[in-house]
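Subject: Structure for your review

Dear colleague,

Please find below the structure that I am handing over to you. My findings follow it.

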Amino acid sequence: MSYNSWQYVWITMAVPESRAAHAAAALPDHRLMLLQGGMRLELYSQKQESGIDTQFLNDTWVLDILSNRWREVRRSGGRPCPLGRRAMVAMAASAYDGLVYAFGGVVGEGLLADPTLYHLRDLSLANASAT
């Protein structure tokens, strides 16, 4: 690997669908990346009209950076509503190790201001205001 350069990563297994405006965070163990939500953009062209059709997503995926494999996280808890343009950060301090906070986002024409907390040890999901 050369430093200060981009390198294409080949992944041959299942992958998340293409998306924009998703949230992602590298986890403190330096080998996993969490991906959540975003928007599916589909171009359309009809008689005298063209544009982009947007659908918000609420799936969650984990990428193992060492093996270059994605896996979809099937949570036992609830799912966040489908959204995009959300911020996400992984906590590295020992008291908060294994937690990822996500905040805000866009749902249709509205904005969210609710934090969501991911528990990475079991990859479950909980609303931060309920803990």
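A pocket, in the sense used here, is an open set of grid points with protein on both sides within 12 Å along at least five of seven lines. Please note that the model is a predicted one. The largest pocket in this model has a volume of about 210 Å³. Its lining is formed by Trp6, Gln7, Tyr8, Val9, Leu63, Ile65 and Asn68. Sorted by class, these lining residues comprise 5 nonpolar and 2 polar ones, with no charged residue.

Asn68 has a positive phi of about 55 degrees, although it is not a glycine. With a relative accessible area of 26%, Asn68 is partly exposed, because that class covers the range between 20% and 50%.

Ala21 is another non-glycine residue with a positive phi, here of about 60 degrees. Ala21 lies in the segment before strand 1 and is partly exposed, at a relative accessible area of 25%.

As for the overall architecture, the protein has 8 strands and 0 helices. Read from the N terminus, the order of elements is therefore β-β-β-β-β-β-β-β. Of the 131 residues in the protein, 35% are buried.

Which side chains meet in salt bridges? The count comes to 3, and I take the pairs in turn.

The side chains of Arg40 and Glu17 form one of them, with an N to O distance of 2.4 Å. This pair links distant parts of the chain, as Arg40 is in strand 2 and Glu17 in the segment before strand 1, 23 residues apart. Glu17 counts as partly exposed, at 33% relative accessibility.

Arg19 and Asp59 also meet through their side chains in a salt bridge, at 2.8 Å from N to O. Because Arg19 lies in the segment before strand 1 and Asp59 in strand 3, the pair ties together parts that are 40 residues apart in sequence.

Leu41, Leu43 and Ile52 make a nonpolar surface patch of about 340 Å². Leu41 is placed in strand 2, which spans residues 32-46. The relative accessible area of Leu41 is 44%, so this residue is partly exposed.

Yours sincerely

Methods:
Residues are numbered from 1 along each chain as its sequence is written. This is a predicted model: local features need pLDDT of at least 70, side-chain atom pairs count only at pLDDT 80 or more; totals for chains, interfaces and linings use all residues. Side-chain values use heavy atoms; hydrogens and water are left out. Patches are made of residues with over 30% relative accessible area and no salt bridge: like charges are joined within 9 Å, nonpolar side chains (Val, Leu, Ile, Met, Phe, Trp, Tyr) within 5 Å. Accessible areas come from the Shrake-Rupley method with a 1.4 Å probe; for residues, only the protein chains shown count as cover. A salt bridge is a side-chain nitrogen of Lys or Arg within 4 Å of a carboxyl oxygen of Asp or Glu. Helices (H or I, at least four residues) and strands (E, at least two) are DSSP runs, numbered from the N terminus. Buried means under 20% relative accessible area, exposed over 50%, partly exposed in between (1.4 Å probe, protein chains only). On a 1 Å grid over the protein atoms alone, a cavity is a set of points where a 1.4 Å probe fits but cannot get out, and a pocket is an open set with protein on both sides within 12 Å along at least five of seven lines; lining residues have an atom within 4 Å of a point. Grid points are joined across faces, edges and corners, and a volume is the space filled by probe spheres set on the points. Ala, Val, Leu, Ile, Met, Phe, Trp, Tyr, Cys and Pro count as nonpolar, Asp, Glu, Lys and Arg as charged, and the others, Gly among them, as polar.
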